[in-house]
Amino acid sequence: MSPRTMKLIVLNDYEQASEWAAKYIRNKILLFRPGPDRFFTLGLPTGSTPMGCYKKLIEYYEMGQISFQYVKTFNMDEYVGLPRDHPESYHSFMWNQFFKHIDIKAENTHILDGNAADLQAECAAFEEKITAAGGIELFVGGIGPDGHIAFNEPGSSLVSRTRVKTLAKDTIVANARFFDGDLSKVPTMALTVGVGTVMDAKEVLILITGAHKAFALYKAIEEGVNHMWTVSAFQQHPQTVFVCDEDATLELRVKTVKYFKGMMHVHNRLVETLPSVPKKN
Amino acid sequence: MPSNKSVSDAPITQFVNCRILRGSRLQREDLWVRSGSILDPEKLFFDEQGYADDRVDCEGSIMAPGFIDVQINGGYGVDFSEASEDVSAGVSLVSKKILQHGVTSFCPTLVTSPAAVYHKVKVHDGGAHGAGVLGLHLEGPFISAEKKGAHPERFLRTFQAGGIDDLMAAYGSLDNVAMVTLAPELAGSQSVVRELCRRGVTVSLGHSVANLSQAEEAVDQGASFITHLFNAMLPFHHRDPGIVGLLTSDRVPSGRTVFYGMIADGIHTNPAALRIAHRAHPEGLVLVTDAIMAMGLPPGRRTLGQQVIEIQGLHAYVAGTKTLSGSIATMDTCVRHFKHATGCSVEEALEAASLHPAQLLRLHHKGNLDYGSDADLVLLDDDLNLKATFISGEEVWKKAP
């Protein structure tokens, strides 16, 4: 039976948290030994939190430590109605922050199409693509200030699947900074994977950095499973890793933080060295 | 990586490791080219699921749009204004040689000459054979006798009753003509300016004693360029700035820019004057060489148009006088000198030789590295020395190691 674990990894700052997460992802891919008949399926987020992690992954690719040739990616979400080449679309984000810097093949990337003629069908097709790819090995995500995972806003079903969602006010306000601070320019709907979709992944890694996420992290791991804080669903996932910086732990009990920090010497073994496996096929 | 394109089979080249001039900034971005045009790689990725067939490593160089020279009279022993049997061979020779100066498009310039000389040079694309010809620049003969510079007086003309008809009689045809320099104080010239602009020819003011009013009137009629600012025109005067006053005139119609050519060879314009012009109106500055046939040749006596000139070092005079005959500095020399003399940024210096001349000639697909534009490029080091020149994405010149 595979291990059933919840790990809270606390690093000093954003850079270190990004690096730890990137090394963890890199090592997972390498240990999997992806090949032409054996793709590593990776779920990916957008937003400011994962940017540091993407930068580090690009560095590891440029240093020759890892290839994305046999990696398939599935992004969590995309705005509805925003042109695909709009600088704030999640397609643009993924191209500029990640895809253009690495050797991933376009046909192995999957991002929901917020301009599809039939949005429901697009969502259903996305679920099918995940199934056809054999499910997601590792789903990387972030957390909103309101505790949401992807666009599963407070009140979302914890067994939800990929669907169209209306965005919560908190989310629209948080995103306004990418639209010249103009609330009227922010899209109000998005396509998103469901909580259930992410729960289906073999392993989940949630990146949480910054003091403004501290309360959401507290709600996610120190309170009960609750659909108002959808990230709390991962308390029931067999293999979850929360990677945080100090600021994100500000609302947790000192006891919780000390407990997990005490295990860092064990957890760091997961990222300390490059696994010695052939990197390129 | 193997290519995979559903839209086109043409090979895709990806220039990596370069700092490209885009949005008036040098950015660390790759540049993608397909079928001679700059490609949007994001569209290629998401729409076509395509990739590059070849990669060119630019080794950290600066990548700028190819330079555009709108005033060049010849070079390497070729004088475009000299009537000869094989005009196109001369143009071809120069067009090939100037690739090493970073020039990818140019306007062969004809100075005031007798009617017989206005032969036909065809507009054509550049390539491995040489820089592209954008059209002729006809400098004269409708210019001022007092400001003829090196132009021979006996061939100067004025507009008689016919205006544009006089012009057509002088030139024969306006096909393949990109620009005409004339003096707007000449009687009948304003209607000619209007008619030329209507026909898509860029009108430039120069070799003139026009006052500011006359110059502004010409701009109203559509004139958009000043030929070698300061040279062959009335000097700036604080009560009548003359043509120079166009740089800060409030009578330029909104939405229009008056461009001005500057020969930044360190000789034709005192650096202080260059700085005054640049600071007054930086977006209009267009670097030109005004190069004469002696460019590229060793010192001595040569023929230019219908006259004899003398080369001494970087200076070229009308033989027996101290009147400047034209410059022999190359375009890349001008770019470097312009940057040095004005203290402007690298981006500004490069735009003065590429973006601004393209804007002047209303060539939206040249002079910039935007998606869809022609892949006419130069690679430079940090001191703006040329390393390689490309036309339509193909390398047409490379600096010897």
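Me: In chain B, how are α7(B) and α8(B) oriented to each other?
Reply: In this predicted model, helix α7 (residues 331-342) and helix α8 (residues 346-353) of chain B pack with their axes 9 Å apart. The angle between the axes is about 140°. Angles over 145 degrees would count as roughly antiparallel, and those from 65 to 115 as roughly perpendicular. The two helices are therefore oblique.

Me: Which class of residue, nonpolar, polar or charged, has eight members in the contact of α7(B) with α8(B)?
Reply: α7(B) contributes B:Met331, B:Val335, B:Phe338 and B:Lys339. From α8(B) come B:Val346, B:Glu348, B:Ala349, B:Leu350, B:Ala352 and B:Ala353. By class, two of these residues are charged, none is polar, and eight are nonpolar.

Me: What is the largest C-alpha distance among B:Glu139, B:His207 and B:His228?
Reply: UniProt lists these three under "binding site", in an unreviewed entry. They are spread over 90 residues of sequence but cluster in space. The largest C-alpha distance is 11.0 Å.

Me: Is B:Glu139 buried or exposed?
Reply: B:Glu139 lies in strand β13 (residues 136-139) of chain B. Leaving aside neighbours within four places in sequence, its contacts include B:His207 and B:His228. Buried means under 20% relative accessible area. At 1% relative accessibility, B:Glu139 therefore counts as buried.

Me: Is B:Arg239 buried or exposed?
Reply: UniProt places a "binding site" feature, from an unreviewed entry, at several positions, B:Arg239 among them. B:Arg239 sits in the loop between β16 and β17 of chain B. Exposed means over 50% relative accessible area. B:Arg239 has 68% relative accessibility, so it counts as exposed.

Me: With which residues is B:Ala232 in contact, leaving aside its neighbours within four places in sequence?
Reply: B:Ala232 is another of the positions UniProt gives for that feature. It lies in the loop between β16 (225-226) and β17 (259-262) of chain B. Its contacts are B:Lys147, B:Gly206, B:His207 and B:Ser208.

Conventions
Residues numbered from 1 in each chain as written. Chains lettered and ligands numbered in written order. Predicted model: local features only at pLDDT ≥ 70, side-chain atom pairs only at ≥ 80, totals over all residues. Heavy atoms only, no water. Axes fitted to C-alpha atoms, helices over the stretch in contact; angles between N-to-C directions. Helix = DSSP H or I, 4+ residues; strand = E, 2+ residues; numbered from the N terminus. Parallel < 35°, antiparallel > 145°, perpendicular 65-115°, else oblique. Contact = heavy atoms within 4.5 Å. Nonpolar A, V, L, I, M, F, W, Y, C, P; charged D, E, K, R; others polar. UniProt positions renumbered as here; feature names shortened; annotations may be inferred. Buried < 20%, exposed > 50% of the residue type's maximum accessible area, 1.4 Å probe, protein only.
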